[in-house]
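User: Can you walk me through the contacts in this one? I'll jump around a bit.

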Amino acid sequence: MDFFVHLAEGFIGMFQKGGETFVGLVTGIIPTLICLITAVNAFVKFVGEERIERFAARCTGNMLLRYSVFPLLSMFFLTNPMAYTFGKFLPEHQKPAFYDSAVSFCHPITGLFPHANPAELFVYMGIATGITQLGLSLGPLAIRFFLVGIIVILIRGIVTEYITRMMLKRREAQASA
């Protein structure tokens, strides 16, 4: 009988903890996210969508910018999952690498700019909770996470573009044979 009582208490306890977490989000990160989303949308409106799109199109000409600054801008301004639409500025053979870079940047950007991927914020917040419990600041963690993310997306973009080019050449060779 004690087993069932313990099971029932654990079951309801899970929902109580969920409620506590929800209240914490409502009084903590959610107002911050709303303010950030509003600020980014206002910035886009002030600068103009056309200007932002022109700047993004210029970024695609350079491989280093294409797989570092370009995914960063797309994730910051359009957020996940709309960020992937920036791929429209790229030729077909570069789209897989851009997608790889952008999707790989979903988590590293959340420490500094949580509005970019609020649905996945729990990953960063899980790590941040441990850091906070140790009495350490989250700033250095967020900056390191962001910088390492930029390096990783650059490497992934370059490698994926190289692999895509090899596969396309192989396909062309097979088609002509």
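User: His 115 first. Buried or exposed?
Analyst: Buried. The model is a predicted one, and in it His 115 has a relative accessible area of 2%. That is under the 20% cut-off, so His 115 counts as buried.

User: Where does His 115 lie?
Analyst: His 115 is in the loop between H6 and H7.

User: And what does His 115 touch?
Analyst: Leaving out residues up to four places away in sequence, His 115 touches Leu 33, Leu 36, Ile 37, Val 40, Phe 76 and Thr 79.

User: Where is Thr 79 found?
Analyst: In the loop between H5 and H6. Its backbone deserves a look. Thr 79 has a positive phi of about 60 degrees, and Thr 79 is not a glycine. Most residues other than glycine have a negative phi.

User: Switching to aromatics. How many aromatic pairs are there?
Analyst: The count is 8 aromatic pairs.

User: Take Phe 43 and Phe 77. What sort of aromatic pair do they form?
Analyst: A stacked one. The centres are 5.5 Å apart, with 15 degrees between the planes.

User: Which parts does that pair tie together?
Analyst: Phe 43 sits in helix H2, residues 29–47, and Phe 77 in helix H5, residues 69–78. The pair therefore ties together parts 34 residues apart in sequence.

User: How accessible are the two, starting with Phe 43?
Analyst: Phe 43 is partly exposed, at 39% relative accessibility. Phe 77 is at 14% and counts as buried.

User: What about Tyr 84 and Tyr 99, which kind of pair is that?
Analyst: Tilted. Tyr 84 and Tyr 99 are 5.0 Å centre to centre, and their planes make 55 degrees. The pair links distant parts of the chain, 15 residues apart. Tyr 84 is in the loop between H5 and helix H6, while Tyr 99 is in helix H6.

User: And their relative accessibility, what is it for Tyr 84?
Analyst: Tyr 84 is at 21%, which counts as partly exposed. Tyr 99 is at 44% and also counts as partly exposed.

User: Which residues form the aromatic cluster?
Analyst: Phe 43, Phe 76, Phe 77, Phe 105, Phe 113 and Phe 146 form one cluster. Phe 76 is also one of the residues His 115 touches.

User: Salt bridges now. How many in the whole structure?
Analyst: A search finds 5 salt bridges. Among them is Glu 161 with Arg 66, at 3.3 Å from N to O.

User: Where do Glu 161 and Arg 66 sit?
Analyst: Glu 161 is in helix H8 and Arg 66 in helix H4, residues 63–66.

User: Is Glu 161 buried or exposed?
Analyst: Buried, with a relative accessible area of 1%. Arg 66 is buried too, at 5%.

User: Which residues are linked with them in a network of salt bridges?
Analyst: The network links Arg 66, Glu 161 and Arg 165.

User: What about Asp 100, which side chain does it meet in a salt bridge?
Analyst: Arg 156, at 2.6 Å from N to O. Asp 100 is in helix H6 and Arg 156 in helix H8, 56 residues apart. Asp 100 is buried at 13% relative accessible area, whereas Arg 156 is partly exposed at 37%.

User: And Glu 92, what does its side chain meet?
Analyst: Lys 95, with 2.8 Å from N to O. Glu 92 is exposed at 58% relative accessible area. Lys 95 counts as partly exposed at 28%.

User: Back to H6. Which residues are buried there?
Analyst: Ala 97, Phe 98, Asp 100, Ser 101, Ala 102 and Ser 104.

User: What covers the buried residues of H6?
Analyst: The cover includes H4, H5 and H8.

User: Last topic, H7 against H8. At what angle do they pack?
Analyst: About 145 degrees, with the axes 10 Å apart. H7 spans residues 121–133 and H8 residues 138–176. H7 passes H8 in a right-handed crossing.

User: Which residues make the contact?
Analyst: From H7, Tyr 124, Ile 127, Ala 128, Ile 131 and Thr 132. From H8, Leu 138, Leu 141, Ala 142 and Phe 145.

User: How many of those are nonpolar, polar and charged?
Analyst: The contact of H7 with H8 has 8 nonpolar residues, 1 polar and no charged.

Note on methods. Residues are numbered from 1 along each chain as its sequence is written. This is a predicted model: local features need pLDDT of at least 70, side-chain atom pairs count only at pLDDT 80 or more; totals for chains, interfaces and linings use all residues. Side-chain values use heavy atoms; hydrogens and water are left out. Axes are lines fitted to C-alpha atoms, for helices over the stretch in contact, and angles run from 0 to 180 degrees between N-to-C directions. Helices (H or I, at least four residues) and strands (E, at least two) are DSSP runs, numbered from the N terminus. A crossing is left-handed if the near helix is turned anticlockwise from the far one by less than a right angle, and right-handed if clockwise. Contact means heavy atoms within 4.5 Å. Ala, Val, Leu, Ile, Met, Phe, Trp, Tyr, Cys and Pro count as nonpolar, Asp, Glu, Lys and Arg as charged, and the others, Gly among them, as polar. Rings of Phe, Tyr and Trp (its six-membered ring) pair if their centres lie within 6.5 Å; planes under 30 degrees apart count as stacked, over 60 as edge-to-face and the rest as tilted. Buried means under 20% relative accessible area, exposed over 50%, partly exposed in between (1.4 Å probe, protein chains only). A salt bridge is a side-chain nitrogen of Lys or Arg within 4 Å of a carboxyl oxygen of Asp or Glu.
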